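Open your viewer and get ready to select residues as you read. This tour goes stop by stop, saying what to pick and what you will find there.

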Amino acid sequence: MWWGGRGQSFNIAPQEEEPEMGLSGPKSVQGSGMPEPRSHQLGSCLASGCLPGEQILAWAPGVRKGLEPELPGTLICSNLRVTFQPCGWQRSEETPLSSEYDFSLANIGRLEAVNGLSRVQLLRPGSLLKFIPEEILIHGQDFRLLRVGFEAGGLEPQAFQVTMAIVQARAQNRQAQQYAGITLSKAGQSSVSRKPPIPLLETSEDWEIERKKQGARGWRLSTVNERFDVATSLPRYFWVPNRTLDSEVRRAFGHFHQGRGPRLSWHHPGGSDLLRCGGFYTASDPNKEDIRVVESMLQAGHSDVVLVDTMDELPSLADVQLAHLRLRALCLPDSSVAEDKWLSALDGTRWLDYVRSCLRKASDISVLVTSRVRSVVLQERGDRDFNGLLSSLVQLLSAPEARTLLGFQSLVQREWVAAGHPFLTRLGGTGASEEAPVFLLFLDCVWQLLQQSPAEFEFSEFFLLALHDSVRVPDTLTFLRDTPWERGKQNRQFNTYTQVYTAGYSQPPAGNSVNPQLSVWDWDLRYSKEQILQFHNPGYDPEHCPDSWLPRQQPSFMVPGPPSSLWLFSRGALTPLNQLCPWRDSPSLLAVSSRWLPRPAISSESLADQEWGLPSHWGACPLPPGLLLPGYLGPQIRLWRRCYLRGRPEVQMGLSAPTISGLQAELAHLQELVRKWTPRISPEDHSKKTNPNTVLSQSH
């Protein structure tokens with residue numbers, strides 16, 4: 001059922017009153033023998049509440065197919081989503097959303113109506129259905145498939161009506177494009193503010209706590225962007241070197257693309273610092289003092305500095321989008337690719353190649369961070385896509401605390417959400433041509449690491465699937481805005497700011513300056529307690545806890561770099577640089593497109609062997625404590641079948657359940673099948689069959 005907050009009521013769109021069937025069969029108006037009208041049926045049978053602003057447009061009884069056994073229930077369409085409600089299943093008041101049964105309208109990638117064996121119609125937004133459907137197929141952009149068949153017996157008008165309601169709702173949804181997010185009132189919360197499960201990094205206190213947690217004593221919190229007048233894509237607060245004044249930060253950031261200057265992403269316990277920034281704005285004309293400040297911020301107090309050209313050897317945004325479209329087309333149940341050519345078609349999508357490239361580069365950067373005390377700067381022109389991907393992977397490879405459930409959520413919040421990754425644009429929510437699921441590529445990389453080193457991660461594959469699906473669920477602002485400024489504006493957090501940043505938004509009511517919004521990390525509003533328990537990896541080794549791996553600032557762990565050494569990291573090798581900034585006499589290498597750079601030969605040795613300086617005859621280089629180096633060769637990179645092949649249940653055969661409870665359920669099911677299929681035989685027959693002489697005589 002669709003439950004909402006306590007005291008809420010359904011908003012039901014006006015429709016003609018016609019015969020309906022409830023979950024327990026047709027109900028009649030007392031004394032008349034006629035079925036009850038739609039409004040009464042919905043109010044008494046479907047639910048007692050729904051999401052704020054949600055309207056039920058149509059519903060029809062049906063059977064969810066593609067499952068064994070098939071599941072009877074009701075298909076419901078609203079102005080926000082499509083859901084299938086199984087018979088006898090009730091939604092908890094504490095979990096008004098269900099990712100298992102809900103398809104947001106934004107998530108529907110393809111809608112098909114079927115009548116008979118050969119009559120199939122692809123329904124686009126605004127299409128007109130040409131026949132009464134016997135079955136509809138809803139293909140989610142998250143690779144899920146909802147296949148619902150409709151029963152005969154006078155219910156054909158309902159099947160037609162609910163199908164057309166989905167078509168029309170998708171068309172209106174595309175016109176609206178953006179959602180406002182759903183407030184806490186839908187979960188039946190009181191006026192007391194709800195504490196987020198993890199720090200959302202919307203306050204200076206959150207950032208200061210995180211800085212101290214990382215032990216970044218050489219860094220301080222800057223408030224220069226508190227009003228978003230430096231860059232709207234940056235968070236309100238970020239970390240800069242202690243000796244850099246905010247006035248210097250403001251001037252220095254103006255010489256970088258979109259005002260995204262160098263700032264700390266992560267401080268390694270051994271002393272190194274991982275920074276990220278946008279590309280140099282070469283059209284600017286900084287004075288000598290500004291150049292000095294920029295160089296000082298890039299060096300971050302280190303004598304050894306490595307500039308990493310993030311996009312070198314990584315796919316473009318257009319490449320990622322094309323690969324994802326090809327992968328989704330290949331994984332559809334009705335894919336025209338023959339089975340014997342399926343693997344070659346998978347290679348042709350290039351998706352796994354891009355996963356491999358990201359893991360290899362992240363592995364190399366993690367070696368740069370952990371091998372010597374230095375400043376490693378990730379530089380991408382926009383600083384909003386692959387910088388976040390590589391920074392996140394480096395921390396997963398280098399920091400065990402990032403592999404815990406809370407640590408990973410905090411990592412995503414800091415490096416993706418707060419850092420201004422344009423989720424809405426990259427996931428196609430704005431209709432712009434810059435769609436590219438970079439975040440989903442990152443989740444695939446994380447899944448590869450989880451498969452290769454399962455004991456190192458506290459979270460499970462089930463959690464990654466939940467996060468993967470959440471990007472298409474328009475119930476929070478986490479993935480529905482492109483910048484922290486847009487999220488804060490929607491939350492009406494800027495009532496004390498200048499009118500420039502609050503135009504068109506009324507002031508919040510007195511006494512409630514911040515209108516709290518849900519985040520994607522409020523899992524208890526979408527998943528049951530049993531499902532949330534499955535977020536934990538049963539194979540996680542507690543010995544890998546963060547407190548036991550490396551003391552803070554261990555002096556003997558890393559080797560300081562040579563004095564005033566500047567490097568460019570490209571094609572798996574380090575190339576010396578004469579300067580950091582492009583505005584001096586000769587241009588910096590990173591100010592020029594990477595295709596014009598001199599290409600160093602790729603060394604046959606791994607970067608780990610190069611950095612730690614171990615002779616090849618010594619064998620594999622010993623890894624520092626807590627460091628993971630992923631495999632990225634050949635079959636080490638695998639297809640995430642449980643995610644991408646969810647629309648093809650037959651291909652899922654042979655996959656073990658991702659949780660202990662799931663494995664126990666599978667074992668009980670197999671034992672039950674063995675019991676049913678084992679013929680009942682008498683003890684005499686059993687003794688004959690177990691007698692070797694009898695067996696031999698039968699064989700002769």
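## Stop 1: two crossing helices

The crossing of α8 and α9 is right-handed (a crossing is left-handed if the near helix is turned anticlockwise from the far one by less than a right angle, and right-handed if clockwise). To see the contact, select Cys 358, Leu 359, Lys 361, Ala 362, Ser 363, Ile 365, Ser 366, Val 369 and Thr 370 of α8, together with Phe 386, Leu 389, Leu 390, Leu 393, Val 394, Leu 397 and Ser 398 of α9. Contact here means heavy atoms within 4.5 Å. Helix α9 covers residues 386-398, and its axis lies 8 Å from that of α8, at an angle of about 60°. Axes are lines fitted to C-alpha atoms, for helices over the stretch in contact, and angles run from 0 to 180 degrees between N-to-C directions. α8 and α9 are therefore oblique to each other (angles under 35 degrees count as roughly parallel, over 145 as roughly antiparallel, 65 to 115 as roughly perpendicular and the rest as oblique).

Before you move on, a word about the model. It is a predicted one, where local features need pLDDT of at least 70 and side-chain atom pairs count only at pLDDT 80 or more, while totals for chains, interfaces and linings use all residues. Residues are numbered from 1 along each chain as its sequence is written, and side-chain values use heavy atoms, with hydrogens and water left out.

## Stop 2: the whole protein

Zoom out and switch to a cartoon view. The protein has 20 helices and 19 strands; helices (H or I, at least four residues) and strands (E, at least two) are DSSP runs, numbered from the N terminus. Of its 700 residues, 53% are buried. Buried means under 20% relative accessible area, exposed over 50%, and partly exposed in between (1.4 Å probe, protein chains only). Among contacts with a separation of 6 or more, 70% are between residues 24 or more positions apart.

## Stop 3

Select residues 342-349, which form helix α7. Which of its residues are buried? They are Trp 342, Leu 346 and Thr 349. Look down the axis of α7: these buried residues fall within an arc of 55°, so they line one face of the helix (the arc is that of the directions from the helix axis to the C-beta atoms). An α-helix has 3.6 residues a turn, so residues three or four places apart point the same way.

On the α6 side, the contact is made by Ala 323, Arg 326, Leu 327, Leu 330 and Cys 331; on the α7 side, by Trp 342, Ala 345, Leu 346, Gly 348 and Thr 349.

## Stop 4: helix α3

Next, select residues 204-214, helix α3, and color its buried residues Trp 207, Glu 210, Arg 211 and Gln 214. They fall within an arc of 100° seen down the axis of α3, so they line one face of the helix. Turned away from that side are the exposed residues Glu 205, Ile 209, Lys 212 and Lys 213. What do the buried residues of α3 pack against? Show β10 (219-222), β11 (238-241), β12 (263-267) and α10 (405-417) to find out. α3 is followed by Gly 215, with a positive phi near 75°.

## Stop 5: salt bridges

The structure holds 25 salt bridges, each a side-chain nitrogen of Lys or Arg within 4 Å of a carboxyl oxygen of Asp or Glu. Here are some to select:

- Arg 147 and Glu 135 meet at 2.5 Å, N to O. Arg 147 lies in strand β9 (residues 145-149) and Glu 135 in strand β8 (residues 135-140), so the pair ties together parts that are 12 residues apart in sequence. Arg 147 is partly exposed, at 31% relative accessible area, and Glu 135 is buried, at 11%.
- Asp 469 and Arg 646 have their closest N and O atoms 2.9 Å apart. This pair links distant parts of the chain, 177 residues apart: Asp 469 is in helix α13 (residues 461-470), and Arg 646 is in the loop between α17 (641-644) and α18 (660-677).

Finish by selecting Glu 210, Arg 260, Arg 263, Arg 276, Asp 383, Arg 414 and Glu 415, which are linked in a network of salt bridges.
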